Amino acid sequence: MSDPADAAARRAVPPVICYPVETLPAPDMAAIDVARARLTRLETVTVPPREAAAFRVPAGHFFRIHCTEGPQVGDLNLWNAADLSERFYSGKTRALHGSHVTRGARLWSAFPFLRPMATITHDSLGWYGRDSYGGAVHDVIGTRCDPYTHRLLSGGSYHHCCHSNLTRALAAATGLPLAEAEPHVHDVLNVFMCTGFTRDTGQYFMKASPVRPGDYLEFMAEIDLLGALSACPGGDCGAEHSSDAARCHPLVVEILRPEAPPAGWAPPAPNGYDRSHGL
Ligand SMILES: [Zn+2]
């Protein structure tokens with residue numbers, strides 16, 4: 001125990017940023033903007049409500065996730081198209097870029113690769129910023145709605161959680177049996193979802209997504225990607241997820257080829273650490 005003055009002094013110590021990003025390899029957004037000014041659509045993939053769909057994006061190409069019919073949250077997984085063990089690392093992306101991501105942030109891959117898989121190149125919801133509740137859009141906090149947590153909290157078996165949707169989509173895209181596909185599904189980027197932590201209890205909260213038809217989030221693939229996107233059964237996630245109660249809408253993914261890749265850009269190499277771990 002400490003005396004009140006000492007306790008107050010200890011609590012008053014100012015925070016420091018865990019991972020200052022000044023030395024992080026940064027994208028050349030000016031060169032990217034030149035490339036993204038001339039894009040040709042190669043493919044359009046529709047993600048039905050309460051389902052997921054997979055798509056492939058070559059390195060240096062772009063992809064957009066569109067809201068087309070009504071407010072809808074999407075749960076995004078990314079893998080190296082040639083190696084499923086390299087997958088999006090939501091936790092480290094959060095540690096580097098903060099709890100929510102927008103234009104300029106990068107989606108990093110898991111150890112031992114730890115390199116940018118994709119760079120966010122446009123965010124039509126960038127205006128949202130952080131609201132008075134501490135909420136913001138496109139989080140790397142949430143994990144994904146899943147039938148296991150649902151069973152713990154509510155009982156029953158719900159099969160159209162994002163986890164199950166992504167598992168089915170990955171199995172269909174790769175030919176892996178369902179049980180082999182499932183362990184590759186990972187914590188997501190919550191596209192269009194508006195979330196934060198309550199100030200009093202620190203609990204993860206959601207509120208109705210501000211996304212509307214016409215909004216989109218755009219990425220450039222830094223490496224050859226296999227992606228899967230689930231149209232969350234929570235719809236705009238304003239009330240609940242893991243049920244058929246919420247109004248849900250499709251999402252649309254466009255794959256876009258630039259006339260030329262950004263000047264000076266090359267796919268990033270895997271992390272340079274030698275993995276000797278001190279031995
Ligand atoms: Zn979900």
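Good morning. A donor is an N, O or S atom within 2.8 Å of the metal. With that term in hand, let us turn to this structure, which is a predicted model.

The zinc ion has three protein donors to consider: the SG atoms of C145, C162 and C232, which lie 2.2 to 2.3 Å from the ion. Along the sequence, these donor residues follow the spacing C-x16-C-x69-C. C145 belongs to the loop between strand 8 (136–139) and helix 4 (147–154), whereas C162 is in helix 5 (residues 162–174), so this pair ties together parts that are 17 residues apart in sequence. C145 and C162 are both buried.

I now move to helix 2. Which residues of helix 2 are buried? Within its span, residues 29–36, they are M29, A31, I32, A35 and R36. Because these residues cover an arc of only 155° around the axis, they sit on the same side of helix 2. The face turned away from that buried side carries A30 and V34, which are exposed. The buried residues of helix 2 pack against several strands, including strand 1 (39–47), strand 7 (116–123) and strand 13 (251–258).

Finally, the nonpolar cores. The largest of them has 36 residues, and those with the most contacts inside it are F63, L76, L189 and F219. Strand 9 (residues 189–197) gives this core its largest share, 4 residues. Leaving aside residues up to four places away in sequence, L189 touches, among others, L76, F88, V101, H138 and F219. Another core lies apart from the largest one; it has 12 residues, among them L84, L166, L170 and V185.

Thank you for your attention.

Note on methods
Residues are numbered from 1 along each chain as its sequence is written. This is a predicted model: local features need pLDDT of at least 70, side-chain atom pairs count only at pLDDT 80 or more; totals for chains, interfaces and linings use all residues. Side-chain values use heavy atoms; hydrogens and water are left out. Donors are N, O and S atoms within 2.8 Å of the metal (3.2 Å for Na, K and Ca); water is not among the atoms, so sites may look incomplete. Helices (H or I, at least four residues) and strands (E, at least two) are DSSP runs, numbered from the N terminus. Buried means under 20% relative accessible area, exposed over 50%, partly exposed in between (1.4 Å probe, protein chains only). The arc is that of the directions from the helix axis to the C-beta atoms. Contact means heavy atoms within 4.5 Å. A nonpolar core is a set of buried Ala, Val, Leu, Ile, Met, Phe, Trp, Tyr and Cys residues joined through side-chain atoms within 4.5 Å.
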